[in-house]
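Please look through the sequence and the model shown here before reading on. The paragraphs that follow lead from a sheet to its strands and then to a single residue.

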Amino acid sequence: EDGMTPIGSGSLVISDLVIGAEGSALRWNAAGTEVTLSLAPLDRAVPVRLYYQIRSQQERPAAVATLSVVPEDNGTPAGAKGLRIRFEAPVLRGLNVEQRELDVSRLRGHTFRVTLTIADPGNGATVTRTARLELK
């Protein structure tokens, strides 16, 4: 570690959520990995990639993540549903760089709120971050 705190301080913190898809022109570097992003609405036929970083002052082997994608625009068809996934997300001490791929092909609507919560049931620590996702 270089003494820098790129995503904040505290016992458990999470960076902004970065959302991208294959084939767009914008690039972002995360821990030596180049990520292709798009600021335009993403094609729902192509899996969406979610990137984030977690910094923890201790190991959290029992941590669990909940990821939800909820429609939020007025043009969403009545009865449209989002997506909610819960998965094991063990966190190592220090900086953790994470990537998830999401199939959004069955989501109806254009604008969504993506929420990621990381919870450590061992000591009750919880962090949440949100981002906006636009699909075409």
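Helices (H or I, at least four residues) and strands (E, at least two) are DSSP runs, numbered from the N terminus, and two strands count as paired if DSSP finds at least two bridges between them. The model is a predicted one, in which local features need pLDDT of at least 70 and side-chain atom pairs count only at pLDDT 80 or more, while totals for chains, interfaces and linings use all residues. Residues are numbered from 1 along each chain as its sequence is written, and side-chain values use heavy atoms, with hydrogens and water left out.

An open sheet is formed by four strands in the order β7-β6-β9-β10, with antiparallel pairing. Because β7 (83–88) and β10 (125–134) stand at the edges with a single partner strand each, one side of each is left without a neighbour in the sheet.

Within this sheet, β6 (residues 64–71) and β9 (residues 111–120) pair in the antiparallel sense over eight bridges, and V69 has V114 in β9 as its bridge partner. β9 also pairs with β10, again in the antiparallel sense, over ten bridges, where I118 stands opposite V127 in β10. These two strands, β9 and β10, form a hairpin with four residues between them, and G124 in the turn has a positive phi of about 80 degrees.

Turning to another strand, R100 lies in β8 (residues 94–102). Leaving aside neighbours within four places in sequence, R100 is in contact (heavy atoms within 4.5 Å) with V48, R49, L50, Y52, F87 and E88. The C-alpha atoms of R100 and Y52, which are 48 residues apart along the chain, are separated by 9.0 Å.
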